[in-house]
Amino acid sequence: MADNIIKPLTTAERHAKILTCSDSAPGPGGISYAYYKQFWKFFGEVLTQSWEEGQLTQNLPYSHTKSVLRLLPKEGKDLTILTNWRPITLSNCDHKLITKCYARRLTNTLEKTIHSNQTAYLPGKQIQDNLRLINILNSNVRKVLIVTFDAKKVFDSVHHDYIRKTLEAYVMECFVPVLNFLYSNQEVDIAVNNDVVEGYKIKNELKQGDSLSCILFILSIDPLI
């Protein structure tokens with residue numbers, strides 16, 4: 001099953017995935033999902049060849065290396081407090097299409113392996129499922145002990161070495177080179193009002209707003225659960 005994750009991505013697989021993508025803010029390249037959908041017959045094979053060439057030469061396509069970070073306000077919060085703004089990383093859609101395909105493959109492989117108490121980012125499950133479970137316990141069990149923890153800045157705190165070790169522990173070491181390649185030379189600039197300023201290189205975090213970050217995070221937290 002692990003070997004299926006790293007088999008070459010096909011143009012047909014990407015096309016099927018992009019048809020499920022609702023339009024969202026594009027990355028610094030400015031090309032949206034809607035544009036790729038409209039002109040897929042021109043772009044589909046080119047995107048596949050670009051990715052294959054990048055893997056062959058171990059040089060990530062330039063558009064895959066650039067992102068922009070901006071802050072989104074949390075609804076109903078005091079916006080004079082910095083923690084009430086949520087950071088999101090806007091990557092180019094050609095890169096997100098790649099990570100969405102790998103995220104789908106990883107999820108299909110791992111969803112029956114990850115602990116059943118995990119309800120985030122998995123098909124057919126919702127975070128609210130655990131809240132409903134707590135309500136049921138409170139209503140039907142005489143003595144209940146509930147232990148919770150709040151992981152702040154979760155995607156920022158996941159070290160890449162730890163992700164690699166976890167993948168190896170779950171017999172997914174074949175995906176480590178793909179992870180290394182996807183996160184090689186990643187640069188994030190920062191949007192401040194109407195300006196974009198020079199930012200930083202990603203070394204030990206996962207991108208907020210990237211589909212692959214979700215499955216990698218719940219895989220990383222699974223040993224604790």
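**View 1. The largest cavity and its lining.** His-95, Thr-99, Leu-182, Tyr-183, Gln-186, Lys-207, Asp-210 and Leu-212 line the largest cavity. Here a cavity is a set of points, on a 1 Å grid over the protein atoms alone, where a 1.4 Å probe fits but cannot get out, and lining residues have an atom within 4 Å of a point. About 40 Å³ of space lies in this cavity; grid points are joined across faces, edges and corners, and a volume is the space filled by probe spheres set on the points. By class, the lining divides into 3 nonpolar, 3 polar and 2 charged residues, where Ala, Val, Leu, Ile, Met, Phe, Trp, Tyr, Cys and Pro count as nonpolar, Asp, Glu, Lys and Arg as charged, and the others, Gly among them, as polar.

A quick note before moving on: this is a predicted model, in which local features need pLDDT of at least 70 and side-chain atom pairs count only at pLDDT 80 or more, while totals for chains, interfaces and linings use all residues. Residues are numbered from 1 along each chain as its sequence is written, and side-chain values use heavy atoms, with hydrogens and water left out.

**View 2. The second largest cavity, with a volume of about 30 Å³.** Its lining consists of Arg-14, Leu-47, Ser-50, Trp-51, Pro-61, His-64, Asp-94 and Ile-98. Helices (H or I, at least four residues) and strands (E, at least two) are DSSP runs, numbered from the N terminus.

**View 3. Helix α5, residues 93–110.** At 1.5 Å a residue, the 18 residues of α5 should span 26 Å, and its end C-alpha atoms are 25 Å apart, which agrees; the expected span is 1.5 Å times one less than the number of residues. Of the 18 residues, 15 are buried, so α5 is largely enclosed by the rest of the structure. Buried means under 20% relative accessible area, exposed over 50%, and partly exposed in between (1.4 Å probe, protein chains only).

**View 4. Arg-104 in helix α5.** Arg-104 is partly exposed, with a relative accessible area of 32%. Leaving aside neighbours within four places in sequence, Arg-104 is in contact (heavy atoms within 4.5 Å) with Lys-17 and Pro-123.

**View 5. The second largest pocket, holding about 250 Å³ of space.** Of its 13 lining residues, the closest to the centre are Lys-17, Lys-100, Ala-103, Arg-104 and Ser-211. A pocket is an open set of points with protein on both sides within 12 Å along at least five of seven lines. The largest share of the lining, 4 residues, comes from α5.

**View 6. The largest pocket, with a volume of about 1,700 Å³.** Among the 38 residues that line this pocket, Phe-149, Asp-150, Ala-151, Val-154 and Phe-217 are the closest to its centre. The elements giving two or more residues to the lining are β2 (85–91), α6 (128–140) and α9 (211–221). The lining has 24 nonpolar, 8 polar and 6 charged residues.

**View 7. His-160 in helix α7 (residues 160–169).** His-160 is buried, with a relative accessible area of 5%. Not counting residues up to four places away in sequence, His-160 touches Tyr-183, Ile-202, Lys-203, Asn-204 and Glu-205. A polar atom of the His-160 side chain lies 2.9 Å from the backbone oxygen of Lys-203.

Definitions and conventions:
A polar contact is a pair of N or O atoms within 3.5 Å; within protein, one must be able to donate a hydrogen and the other to accept it, and residues adjacent in sequence count only if both atoms are side-chain atoms.
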